[in-house]
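This briefing is for a reader who is new to the structure. Please look over the sequence and the model before reading on.

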Amino acid sequence: MTGMQRTFKGAALTALLPIAIALLVIALGDGAQVRILSVFLINLILVIGLQMFMGNTSIVNLGHVSFMGIAGYAAAILTIPASIKQTIIPEAPFGLAAFQMGPIEAGIMAIILAMLVALIVGVVVTRESGISATILTLALLVIVHTVLVNWVELTRGMRALYGVPMKANAWLLLGCAVLVIFLGRWFRDSPLGVQLRASGESRIAAESAGVNVRLVRLIAWVLSSGVVALGGVLYVYLIGSVSPKSFYFDTTLLTLAMLILGGMHSISGAVIGVIVVTAGFEIMRYFESSPVIFGVKFPEFLGLTGFFLGLIIVLSMALRPKGVVGTDEIDESWERRRQDQSERTSAAASRSHA
Amino acid sequence: MEYVVQQILNALSIGGNYALLALGLAIVFSVIGLVNFAYGEVIAVAGYVMFAVFAVSGIDYAVVLMPIGILAAVGISIALERVAFRPVRYAPAATGLLTAFGVSIVVKNFFVTLVATRSKSVPTPEWLAYQIDIGLARIQVIQLLETTATAVALLLLVLILRRTNIGLAMRAAARDFDMVRMVGINANKVIAAAFAVSGFLAGLAAIFIIARRGVVDPFMGFTPVLKAFVAAVLGGFGSLGGAVVGGFFLGALEVFFQIVLPPSISGYRDAFVFVLVSVILVWRPEGLMGTKRQFGDKDE
């Protein structure tokens with residue numbers, strides 16, 4: 001089996017579970033459940049986008065959500081009908097208040113814009129390693145949020161921009177999520193991904209082997225930001241409105257927790273992490289709203305979902321610090337286990353012959 | 001002139017608060033390499049314990065509540081190390097960071113579930129807001145106390161670090177923890193001491209934060225710790241002197257932008273502060289007071 005085939009098979013295997021979940025929910029679920037599914041698929045895209053940089057470089061990235069915000073706002077401002085814009089942001093610069101375009105063109109423009117910003121920021125971020133790089137990404141998050149809140153003529157400040165055409169449905173989101181799973185896996189297994197992971201483990205060793213660490217990191221950063229931006233655009237097309245608080249610490253921590261819980265070095269880890277956290281969240285949300293179980297009415301527990309999220313992070317870090325899946329992709333670990341087993345049986349066979 | 005002195009005093013008291021917290025983060029980081037993002041919750045715990053004591057007993061003497069708050073902060077800091085951070089002590093930095101985020105979320109939601117999301121008011125003595133005329137400028141009692149308390153705490157810390165065995169062990173652990181253990185010093189004790197000192201600093205900072213706000217809520221620790229984190233990195237993460245310098249520097253920077261930015265763009269203050277912080281980090285990745293590391297040194 002060639003490398004490319006293995007990558008393709010691995011990605012298909014990884015995509016199987018989300019596809020199965022999605023088909024099940026679309027076929028049997030009601031409106032609210034399809035909505036949960038849609039958010040789940042968007043989180044999947046965001047987390048894989050985050051994984052492409054963070055998982056391969058081992059640099060903790062706290063700034064990815066800013067690209068979600070940039071792209072989300074760009075897509076919203078470009079697609080909201082001019083008639084609505086005249087009332088909510090009449091003084092928008094660059095004549096944007098009178099301007100309007102289709103959702104597909106707007107989405108592409110938004111992602112390109114986010115990637116351009118990523119390119120400029122990335123030149124700075126990829127110079128650093130470790131904690132300094134993390135602080136730069138944190139600074140990016142705060143700066144973008146501050147601008148979104150304060151550029152009132154363009155973004156309406158803390159108040160939401162509404163009127164975005166709600167063009168995203170579960171099928172579109174599923175298609176994009178599967179595409180992103182393949183993209184992420186391909187990137188991880190590509191020569192670039194291997195160089196990146198090597199530089200993440202030991203920058204000095206990778207550089208002495210001829211890896212241009214800054215360049216490969218920059219490419220990963222821009223690509224990862226592009227995927228996160230796609231998530232942002234889809235999010236806005238799903239919700240139909242946009243406000244700055246969706247693109248700040250809550251989303252950052254949630255996606256980060258999903259990735260690290262599953263195992264940040266693999267795409268399967270990202271997928272498992274999103275599934276586990278989403279499932280846990282929904283179960284807790286049920287308990288939070290004072291349910292009646294076996295005729296007993298339980299009291300209302302606000303904050304239970306948050307409590308659960310925190311607990312799951314602490315426990316998984318203590319018990320499985322490398323995440324549920326570990327460092328390798330699921331198919332890679334299965335392959336290894338099978339090889340070990342066949343070696344063991346053949347060894348046993350040769351022993352019994354002798 | 002009066003205005004300048006006034007603003008310098010402002011910068012000192014804001015910077016002092018950041019310096020306390022930055023130092024609390026740096027001391028833990030230097031000993032076990034943990035970026036403790038749950039530090040804000042230590043502040044919140046101090047606040048809620050003071051609130052609980054007041055609500056149950058009706059005691060509103062600051063002299064009684066303050067030590068209780070500080071003790072609570074020290075207690076929770078040591079307890080969190082024992083329960084949450086010890087299992088991930090030898091794990092990579094990202095694991096510790098995530099654990100800290102997790103702890104932070106748990107504690108925050110603990111308060112949301114058991115108390116309320118809304119803020120609860122805590123009595124603050126009136127005399128804290130009194131103004132004293134010191135010739136060149138008028139200063140609030142709280143500012144005076146804050147700056148003095150910061151100075152005393154820093155002095156005390158320097159004495160502990162320089163003059164006691166456990167202080168020596170902590171300083172040595174910041175350089176090379178394995179070596180410290182090799183000469184027979186109990187690792188748990190050194191780490192517990194670091195968390196105790198860190199908790200004490202958080203408790204002290206918490207008192208002034210609460211005295212200013214007059215209320216406690218589950219999310220009160222977040223912004224101060226974010227700023228403290230930036231201050232610590234600015235000074236050179238892990239360097240104790242650097243944390244203090246970084247704290248005062250950040251305080252000065254905020255006051256400076258507050259003054260020079262015209263009102264129409266003053267909302268962008270944090271953006272300006274963080275841009276400048278980024279520039280400094282790119283210029284000196286090791287921080288203002290950090291030592292330059294060569295490739296291949298420990299930890300790279």
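The notes below cover helices in chain A and a helix pair in chain B.

This is a predicted model, in which local features need pLDDT of at least 70, side-chain atom pairs count only at pLDDT 80 or more, and totals for chains, interfaces and linings use all residues. Residues are numbered from 1 along each chain as its sequence is written, while chains are lettered from A and ligands numbered from 1 in the order in which they are written.

**Helix α2 of chain A**

- A kink of about 40° in α2(A) is centred on A:Gln51.
- Because 20 of its 27 residues are buried, α2(A) is largely enclosed by the rest of the structure; buried means that 20 or more other C-beta atoms, placed from the backbone, lie within 10 Å of the residue's own.
- A:Ser58, which follows α2(A), has a positive phi near 60°.

**Helix α3 of chain A**

- The 16 residues of α3(A) (64–79) should span 22 Å, in agreement with the 23 Å between its end C-alpha atoms.
- In α3(A), 16 of the 16 residues are buried, so α3(A) is largely enclosed by the rest of the structure.

**Helices α5 and α8 of chain B**

- The axes of α5(B) (residues 141–163) and α8(B) (residues 187–213) come within 11 Å and cross at roughly 175°.
- That angle makes α5(B) roughly antiparallel to α8(B) (over 145 degrees).

How values were computed:
Bend = angle between axes of the 7 residues up to and from the residue. Helix = DSSP H or I, 4+ residues; strand = E, 2+ residues; numbered from the N terminus. Buried ≥ 20, exposed ≤ 12 C-beta atoms within 10 Å, placed from the backbone. Expected span 1.5 Å × (residues − 1). Axes fitted to C-alpha atoms, helices over the stretch in contact; angles between N-to-C directions. Parallel < 35°, antiparallel > 145°, perpendicular 65-115°, else oblique.
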